[in-house]
Amino acid sequence: MRVQFAIFMVLMATCSVSVAGEADVVSATAASDGAGLWKIDVTVRHADEGWDHYADLWQVVGDDGTVYGERELAHPHVDEQPFTRGLSGVAIPYGVHEVMIRVRDTVHGYGGAEFRLTLKP
């Protein structure tokens, strides 16, 4: 039994498996102030594991790759999933009718589910 336990412990110590996976954008909404600035609210889901692996940023990105705004997520949300955070004052040029919302985590970077958001003035 000790040998089996020792083998198990060695395997566990050499595995670097992250349970959390990539961060996903669940939903997003946008509200215009009528003067070209937007308030964007984004709901993120990620199995944050603490400071070593958590969703740390989301971005508002145009079809051409232009980043119109980003919201830093300053701490893990281990006990709050999914969670929603907003960003005001996002300047999106007139004529842009859709943006992509993407989220990053500290281990995988970008790569989880993105969300296409239609802007309605």
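How many bridges join strand β3 to strand β4? The views below begin with that pair.

**View 1. Strands β3 and β4 form a hairpin.** Strand β3 (residues 55-61) and strand β4 (residues 67-72) run antiparallel and are joined by five bridges. Strands are DSSP runs of E of at least two residues, numbered from the N terminus, and two strands count as paired if DSSP finds at least two bridges between them. Trp58 stands opposite Arg71 in β4. Five residues lie between the two strands, and Gly65 in the turn has a positive phi of about 95°. The model is predicted: local features need pLDDT of at least 70 and side-chain atom pairs count only at pLDDT 80 or more, while totals for chains, interfaces and linings use all residues. Residues are numbered from 1 along each chain as its sequence is written, and side-chain values use heavy atoms, with hydrogens and water left out.

**View 2. An open sheet is formed by three strands in the order β1-β2-β5.** The pairing is antiparallel. β1 (24-32) and β5 (83-91) are the edge strands, each pairing on one side only. From one strand to the next the twist averages 20°; axes are lines fitted to C-alpha atoms, and angles run from 0 to 180 degrees between N-to-C directions.

**View 3. β1 and β2 form a hairpin.** Eight bridges pair β1 with strand β2 (residues 37-45) in the antiparallel sense. Ile40 in β2 is the bridge partner of Ala30, and Asp41 in β2 is that of Thr29. The hairpin has four residues between its strands, with Gly34 in the turn at a positive phi of about 85°.

**View 4. Lys39 and Asp41 meet in a salt bridge.** A salt bridge is a side-chain nitrogen of Lys or Arg within 4 Å of a carboxyl oxygen of Asp or Glu; the structure holds four. The N to O distance here is 2.5 Å. Lys39 is partly exposed, with a relative accessible area of 35%, and Asp41 is partly exposed at 24%. Buried means under 20% relative accessible area, exposed over 50%, and partly exposed in between (1.4 Å probe, protein chains only).

**View 5. Salt bridges that share partners join Asp63, Glu98 and Arg116 into one network.** Asp63 and Arg116 form a salt bridge with the closest N and O atoms 3.1 Å apart. Asp63 lies in the loop between β3 and β4 and Arg116 in strand β8 (residues 115-118), so the pair ties together parts that are 53 residues apart in sequence. Glu98 and Arg116 meet at 3.3 Å, N to O. Glu98 is in strand β6 (residues 98-105), 18 residues apart from Arg116. Asp63 is exposed, with a relative accessible area of 63%, whereas Arg116 is partly exposed at 38% and Glu98 is partly exposed at 32%.
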